[in-house]
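Thank you all for coming.

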Amino acid sequence: MVHEPPTDAPLPPVAHLRLKALALLLFTAALIVGSVLYLLYARGAFEATQRLVLVTDDSEGVSVGMDMTFSGFPIGRVRTIDLADDGSVHIAVDVARREAHWLRETSVFTLVRGLVGGTTIKAYSGVLSDPPLADGAERPVIRGDAGAEIPQILASARQLLDNLNLITAQGSELAAALTQVRTLAERLNGPGGAMAVLMGGDAQAKQIPALLEQATRLLSESRALMARLDAMGAKADRQLFGQGADAGLLPEVRASVAQVSGLLQEAHQTLTRVDAVLAEAQAVGRNAREATTDLGALRADVEASVRKVEGLLNDINRKWPFARDTELKLP
Amino acid sequence: MNALPVPTSLLERFWRAARRWAVAWWRILDLGTVVLVLLLSPSSWHRAQRSRMARQIVADTLPILLGFTVLVALLSLVLTRIVVVTAQSYGLTRYALEMVVRVLVLELIPLTAALFVAMRATIPGGMQLAQARQRGQRVGADAVRLDAVPRVVAGVYASVTLAALSCAVALVMAYIGVYGANLAGLGGYTRVFGQIFTPQITLVFALKTLFFSLAVALIPVAGGLHGPWGGAAAGTGALARMFAVLLLIEVVSLMGNYY
């Protein structure tokens, strides 16, 4: 700094000073104008929009300029937030015309306030074939506030802690139950042990060994009975199936069955012969019936002959005056 | 300082300090109004004065334009990268871009540009004025019209130009740092930019840049015109006042933006 030239000394000559100064001024002006234009463009000043009014009861977290998104893409900006006469909040959103086709008459709008980050306005269109949303339409907005649930959670947690305090307090049911458990454990470790706990007292518990002794005796008797039953079964087996040289009852039964089978065959043959006899008897009967038929005709002839003879005798009797016996004897 | 009489009591010393402080601030305001009046009067815009002003503007702005732009580009890229990587590690990537733009463009870059112009142009210019006054070359209205006005105008112009250019470069670097060298994220970036620069923020930003440029242009020149003689001594008081004013403007702008 000590070697700076004196101030009255002319500044070093600058080549093309006027041109450079003009270019510098133009550059600065272009920079500032360009920044302003970009800012206006970024603020949506050159964008054709349509108005959508969202009605809610609380605009906390909503700010002018914030985005309204559809599927995560910003399609509109909040322009104004007004308090209506009925106390509701009217949030005016400018939706870009080129994005407005995503909004339909059936679209749903939500205002969600998360625990971390700002409030977001989202649009959902379930049926994209519905009629498009008109300019200036008013729609209710569904509000969801994660922070609003914190007091409820805290209240629930406080209630839970109160319950825990009640449970663990002196004289509470849990303490009484633990006392009972301790008493039970002491009785389990006592002289009667678990039997005394189960039977309700020492006197009843002392009956258990007697019962066990009786049960043991019964078991031994049952075992002897089973041994005898086994012996009886062995004898029955031996008699039925034989043992050693003794063939037992079974071969005899088998032989008897064979004999019965032979008898049955013979009876079958006898019956067959009886059938033949019967057939012959039927033939005899048929002949007898034919003979009987012939006998009828013969009888008719005989009756006719007898009647003729009777007539003849009557004639003889009339003619024969000695004989008064008019009885006729049939042949 | 050696010429001043030794103060006899604490109260007198305090009174003298307060008077010096008030006189110094009054001279700054006085110079500002005089420069404004001179700029608005047609007699200050004759050919020789215009030529002098153009030469001063070119001399103050052009030599530092490229270097400062490169410096800002590097600073922006590094800061953007740091913020983006940190935000990714915490799962807050969606807020990284907004934070980068707010910190760099709204707060750091205008202050850096003003300080850079002060260090490279206006403080040396004020010291030159003080040296010239020490030599008794030009005093009074001539000094203001012929020396102060071109330097003040050049200082304001350089400060505004550097702030505008460095903000534009910082915006480009922030985009590259977040999205890479492609145009895929331009729509989302523009939307975030529009959301950050609300009318209120934009107005505060413009006023802050303007007052920064006025502070770095006026205070060193006023110190050079009216301050104590001597190279280093001339700059010290002006430098302290200038930093105080820059700090005050920054605080007020922060209050305007976030309160």
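This is a predicted model: local features need pLDDT of at least 70, side-chain atom pairs count only at pLDDT 80 or more; totals for chains, interfaces and linings use all residues.

Residues are numbered from 1 along each chain as its sequence is written, and chains are lettered from A and ligands numbered from 1 in the order in which they are written.

Staying with confidence, the predictor gives the complex an ipTM of 0.82 and a pTM of 0.62. Chain B has a mean pLDDT of 84, with 90% of its residues at 70 or more, and chain A averages 84, with 91% of the residues scoring at least 70. Within chain A, the lowest mean, 77, belongs to helix H4 (residues 193-199) of chain A, and the highest, 91, to strand E4 (residues 89-96) of chain A. Residues 1-8 of chain A have a pLDDT below 50, and this stretch has 21 contacts in the model beyond near neighbours in sequence; two residues are in contact if their C-beta atoms, placed from the backbone, lie within 7 Å.

Let me turn to the folds of the two chains. Chain A has six helices and seven strands, and along the sequence these follow the pattern α-β-β-β-β-β-β-β-α-α-α-α-α. Chain B has seven helices and zero strands. Of the 331 residues of chain A, 8% count as buried, whereas buried residues make up 41% of the 259 residues in chain B; a residue is buried if 20 or more other C-beta atoms lie within 10 Å of its own, exposed if 12 or fewer, and partly exposed in between, with C-beta atoms placed from the backbone. Among contacts between residues at least 6 apart in sequence, 52% in chain A join residues at least 24 apart, and in chain B residues 24 or more positions apart account for 85% of the contacts with a separation of 6 or more.

A:Gly76 lies in strand E3 (residues 73-83) of chain A, and it is buried because 27 other C-beta atoms lie within 10 Å. Leaving aside neighbours within four places in sequence, A:Gly76 is in contact with A:Leu52, A:Met68, A:Val93, A:Asp94, A:Val95 and A:Ala96. A:Ser71, in the loop between strand E2 (67-70) and E3 of chain A, is exposed, with 10 other C-beta atoms within 10 Å, and has a positive phi of about 55 degrees although it is not a glycine.

Next, the helix packing in chain B. How do helix H2 (residues 47-90) of chain B and helix H3 (residues 93-135) of chain B cross, and at what angle? Their axes come within 10 Å and cross at roughly 155 degrees, so H2(B) and H3(B) are roughly antiparallel to each other. Helix H1 (residues 10-40) of chain B and H6(B) pack at about 110 degrees, with their axes 9 Å apart, and are therefore roughly perpendicular to each other. Here axes are lines fitted to C-alpha atoms, for helices over the stretch in contact, and angles run from 0 to 180 degrees between N-to-C directions; angles under 35 degrees count as roughly parallel, over 145 as roughly antiparallel, 65 to 115 as roughly perpendicular and the rest as oblique.

Finally, the interface: 25 residues of chain A are in contact with 31 residues of chain B. The largest share of chain A's side, twelve residues, comes from helix H1 (residues 17-42) of chain A.

Conventions: Helices (H or I, at least four residues) and strands (E, at least two) are DSSP runs, numbered from the N terminus. pLDDT is the predictor's confidence in each residue, from 0 to 100.
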